[in-house]
Amino acid sequence: MLGEPIDDDPLRPGPIFEASWTHALHCLYYSVDTYHQLVVNNKFGFDGDRNDYHAAHCFEYLRTQILCMADMTLEGSKSMLGATGDGQAHMCRNRDEAISWIEARRLDDIQSIVGP
């Protein structure tokens, strides 16, 4: 079931859709960048303007993505404290095929994972 399109993008006219995978990458990058800004500058936001709604949205989006994927790969470790998941094989989609599919359908050549 396809949801409502994005229709208020300031850079791209008309209705657009985004792949969940790239949206999740955006939210991961945004969260890491926000954490880095807090550690280094004791503040965060684009041009000094905090966006608590965007930060909360990204954490909720990543939580939903993790629950949706429900990766059932069994992970082992000698202790629970050392359980990193390193070295465990996961069944993943072919990343090159996903990128090719997205690039064949993109609207433009803008490549900003964070955006305005």
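## Contacts of Leu62

Leu62 touches Ala24, Cys27, Leu28 and Ser31, leaving aside residues up to four places away in sequence; contact here means heavy atoms within 4.5 Å. The model is predicted, with local features needing pLDDT of at least 70 and side-chain atom pairs counting only at pLDDT 80 or more, while totals for chains, interfaces and linings use all residues. Residues are numbered from 1 along each chain as its sequence is written, and side-chain values use heavy atoms, without hydrogens and water.

## The nonpolar core

Leu62 also belongs to the largest nonpolar core, which has eight residues: Ala24, Cys27, Tyr30, Phe44, Ala55, Cys58, Tyr61 and Leu62. Such a core is a set of buried Ala, Val, Leu, Ile, Met, Phe, Trp, Tyr and Cys residues joined through side-chain atoms within 4.5 Å. H1 and helix H2 (52-69) are the elements that give two or more residues to this core. H2 supplies the largest share, four residues.

Helices are DSSP runs (H or I, at least four residues), numbered from the N terminus.

Leu28, another contact of Leu62, lies in helix H1 (residues 20-41). Leu28 counts as partly exposed because its relative accessible area is 44%; buried means under 20%, exposed over 50%, and partly exposed in between (1.4 Å probe, protein chains only).

## Cysteines

Cys27, a member of the core, is buried at 0% relative accessibility. Cys68 is exposed, at 58%. The whole structure contains zero disulfides, a disulfide being a pair of cysteine sulfur atoms within 2.5 Å.
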